[in-house]
Amino acid sequence: MKSYTFIILMAVAFLLTGCGNAGMFVASNSTEVQLKEGNYTIVAKNVTGTSETSYLFGASYSWGVATNSVGIIPLDGNKMLYKEARESLWDNFEEQGESIEGRTLALINIQYDSNTSNFMVYTKASVSITADIIEFE
C-alpha cells in the first residue's frame, strides 16, 4: 500500500511542478505593404535563426505553428523559442557583415520549422525561422 501512495505522490508532484514552454507564432496586423513598385531591394536570402530547449523527464510536441514542451528539470535553452530564433536570425544577418541599425528592413517569405525529440527521460524541442530580408528605399 505504501508503494502506491509513493507513486501517487510522485505523479501529483510531477503534474504540479516543473518547467515548460508553449510557443506559437500567430501574426495579426493591419499593415499592408505593396512590393510591386520597386521601392525595395533584397539584401539577403535564406537567412536562418534557430533556438532549442531540452528537459529531463518531460515531453515535447509540435502541431502546425505551435511547439510545446514540458519537463521537470530544464537542461538548456530558453522558454521563448520563437523570439530567440528570430533574434538568432538577425544576429546571423549581422554576422554576414550587414548592420541593422538605422535601416528600414523587413522579413519576407518567412518559413517556420520545428522539430521535437522524445526519449524515455529526455525531450528536446527546436524551432528554425528562415526568411529573406528586404530594405525599403
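**Close-ups of a predicted fold**

**Figure 1. The whole chain, and how far its contacts reach.** Take the contacts in the protein chain with a separation of 6 or more: 72% of them join residues 24 or more positions apart, a contact being heavy atoms within 4.5 Å. This is a predicted model, so local features need pLDDT of at least 70 and side-chain atom pairs count only at pLDDT 80 or more, while totals for chains, interfaces and linings use all residues. Residues are numbered from 1 along each chain as its sequence is written, and side-chain values use heavy atoms, with hydrogens and water left out. The protein chain has two helices and five strands, and from the N terminus on the order is α-β-β-β-α-β-β. Helices (H or I, at least four residues) and strands (E, at least two) are DSSP runs, numbered from the N terminus. Of the 137 residues in the protein chain, 26% are buried; buried means under 20% relative accessible area, exposed over 50%, and partly exposed in between (1.4 Å probe, protein chains only). Accessible areas come from the Shrake-Rupley method with a 1.4 Å probe, and for residues only the protein chains shown count as cover.

**Figure 2. Val47, tucked away in strand β2.** Val47 has its place in strand β2, which covers residues 40-63. At 1% relative accessibility, Val47 counts as buried. What does Val47 touch, leaving aside its neighbours within four places in sequence? Its contacts are Leu89, Asn92, Phe93, Gln96, Ile129, Thr130, Ala131 and Ile133. Gln96 sits 49 residues from Val47 along the chain, and their C-alpha atoms are 9.7 Å apart.

**Figure 3. Ile129 and its contacts.** Here we pick up one of the partners of Val47. Ile129 lies in strand β5 and is buried, at 4% relative accessibility. Again leaving aside neighbours within four places in sequence, Ile129 is in contact with Val47, Thr48, Gly49, Tyr82, Ala85, Arg86, Leu89, Ile110, Gln111 and Tyr112. Leu89 turns up in the list for Val47 and in the list for Ile129. For Gln111, the C-alpha to C-alpha separation from Ile129 is 5.7 Å, across 18 residues of sequence.

Figure 4. Searching the whole structure turns up four salt bridges, each a side-chain nitrogen of Lys or Arg within 4 Å of a carboxyl oxygen of Asp or Glu. This view shows the side chains of Glu87 and Lys83 meeting in a salt bridge, 2.7 Å from N to O. Why are they about one helical turn apart? Because Glu87 and Lys83 are four residues apart in helix α2. Glu87 is partly exposed, with a relative accessible area of 38%, and Lys83 is partly exposed too, at 36%.

**Figure 5. Arg103 at work in a salt-bridge network.** Glu98, Arg103 and Glu135 are linked in a network of salt bridges. The side chains of Glu98 and Arg103 meet at 3.0 Å, N to O, and those of Arg103 and Glu135 at 2.7 Å, N to O. Arg103 lies in the loop between α2 and β4, whereas Glu135 is in strand β5 (residues 122-136), so this pair ties together parts that are 32 residues apart in sequence. Partly exposed is the label for Glu98 at 27%, for Arg103 at 24% and for Glu135 at 22%.

**Figure 6. A patch of negative charge on the surface.** Asp91, Glu94, Glu95 and Glu101 gather here. Patches are made of residues with over 30% relative accessible area and no salt bridge, with like charges joined within 9 Å and nonpolar side chains (Val, Leu, Ile, Met, Phe, Trp, Tyr) within 5 Å. Lys and Arg count as positive and Asp and Glu as negative, leaving out His and the chain ends; a charge is placed at NZ of Lys, CZ of Arg, CG of Asp or CD of Glu. One of the members, Glu95, lies in helix α2 (residues 81-95) and is exposed, at 66% relative accessibility.

Figure 7. Most residues other than glycine have a negative phi. Asn46, though, has a phi near 50 degrees, and Asn109 has a phi near 50 degrees as well. Asn46 is found in strand β2 and counts as exposed at 57% relative accessibility. Asn109 lies in strand β4 (residues 105-118) and is exposed at 52%.
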